[in-house]
Amino acid sequence: MAKLYTEFEVRRLIEEATAPLLARIAELEAQLAAAKKDSSTSSKPPSSDIVKPPRPDAKTGKGRKKKRRPGGQRGHARQERPLFPPEQVDKVWCYEWAEASSLPEWEPLDEYQTVQQVDLVPKLFKVVEHRARLYRHRVTGQVVVAAMPEAVRGAGLIGSRLSALIAYQKGACHMTYRVIQTFLRDVLQLDFSTGQLVKIVGKASDALLFSYEQLQTALPTCRMVNIDETGHPENGQKLWTWGFHVPGPDGFTLFHIDAARSSEVLKEFLGETFSGVVGCDYHSAYRKFLNDLGAQMQFCWAHLIRDVKFLTTLRDRATRGYGERLLTAIKGLFHVWHQRDVMRPDRWKQSADRARREVLKVARRPPRCREAQNIAKRFRKHGEHYFRFLDTPGVEPTNNAMEQRFRFVVIDRKITQGTRGQAGRSWCERIWTVLATCAQRGRSAYLFLQETMDAFFAGRTLPTLELNSS
């Protein structure tokens, strides 16, 4: 005789049978969503987006902006390069109309149509021969040599200006030694071996050590440091390039290559008594630094927003709604942030506090989804370290400033394929630091290299990347 089931029993049996299937479906959907992550919904770099998602209007063509024609746009003011000042002009040619003397109706004016032409001189280098006479003792036969200037002996075959150019080509232009050799031979008619070029870059690295150590010493005293890290290849091993950016036109940027991606690197460079604010992403090394030393942090909102956007791509309706509500609250927060210079300080503070409470209210009420729970956990444990930018002058809400300075490093890594030893790592650390800091301060990196090589070869005090403010 067949057993009869009540409606409740049937529903329970169906739930028991489908529960594993539903759990498996949810797991597969989460894996699929994670596989579809791109640079807009995660911390993945834009270069990892193999195929960019189509724009909403890609099929219909509606709402598409008209493609702008290349070149200068109609209505824009004409931009012309200013003339070189007289002190930079080496020679002037004046052209007269020879027939004008026989045509009295034409009056010569004290005005000219000017064309300034810049060109290279036929020979782009000079060779200076330094001779030190030898002297022999008439009795003992001992031979001595007259003293040469220290700068001459220090530089040897290649002088300071050319040494600075070679270092600049290697560091700023991503050129290999073979390419530099070809350039010097084809353009300057100078034939140097790659070994000689390696030697010059090694001298430049030694010369830059003083400036690098000066900035490293100043780092623990700074009030705000943005920090990030990226991979660095060396002989098949994965090392890490750390970047430390002190914001502002008087600040600096310092790079360090290390085998570790841990909080020990932070302790080494910032010290264990660091009293400033660290701007960074939510990587575990920074959280351990926070837990061990009680440091002040400003976790990056750009990273957080990408993680929240990922929630809006999941199929679970409750999770999507949570992500959308949180994004709305965050937009409200940053709308207030951008009004800080046009509102009265007291009113702005009230608005900022209200926007902060709204973000926390939404963030701390997540659905049961694991990804949403992780977002809520961040705010429960480290909420104050997300909102520090609202109360501390000079602190930015994102770590974009340091990430932007990594673009050059990443390009260099892709072109050069990394380093092969300690000498290469030291060179990269020092030249990247000089290039980034000079750009930050509006200073010529080549001229700084030239001044450094001049002083290094002459045994004089080396120039510094002055710290006007920390």
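Which residues touch the most other members of the largest nonpolar core? The legends below take up this point and others in a predicted model.

**Figure 1. The whole chain of the predicted model.** The chain holds 14 helices and 7 strands (DSSP runs numbered from the N terminus: helices are H or I with at least four residues, strands are E with at least two). Its C-alpha trace spans about 130 × 90 × 55 Å along the principal axes. The radius of gyration is 32 Å, while a compact globule of 470 residues would have one near 23 Å; the radius is taken over C-alpha atoms, and the globule rule is 2.2 Å times the number of residues to the power 0.38. Residues are numbered from 1 along each chain as its sequence is written, and side-chain values use heavy atoms, without hydrogens and water. Local features need pLDDT of at least 70 and side-chain atom pairs count only at pLDDT 80 or more, whereas totals for chains, interfaces and linings use all residues.

**Figure 2. W301 and F379 in the largest nonpolar core.** Of the 100 residues in this core, W301 and F379 touch the most other members. A nonpolar core is a set of buried Ala, Val, Leu, Ile, Met, Phe, Trp, Tyr and Cys residues joined through side-chain atoms within 4.5 Å. Buried means under 20% relative accessible area, exposed over 50%, and partly exposed in between (1.4 Å probe, protein chains only). Leaving aside neighbours within four places in sequence, W301 is in contact (heavy atoms within 4.5 Å) with residues including I330, L333, F334, V359, F379 and Y386. In soluble globular proteins, nonpolar side chains tend to be buried together.

**Figure 3. Q216 in helix 5.** Helix 5 covers residues 194–218. Q216 has a relative accessible area of 26%, so it is partly exposed. Not counting residues up to four places away in sequence, Q216 touches L254 and F269. From Q216 to P70 the C-alpha to C-alpha distance is 46 Å, and the two are 146 residues apart in sequence.

**Figure 4. H174 in a loop.** H174 sits between helix 3 (160–172) and helix 4 (177–187). Although H174 is not a glycine, its phi is positive, at about 60°. Most residues other than glycine have a negative phi. H174 is buried because its relative accessible area is 15%.

**Figure 5. Q417 in a loop.** Q417 lies between helix 12 (400–416) and helix 13 (422–440). Q417 is not a glycine, yet has a positive phi of about 65°. Q417 counts as exposed because its relative accessibility is 57%.
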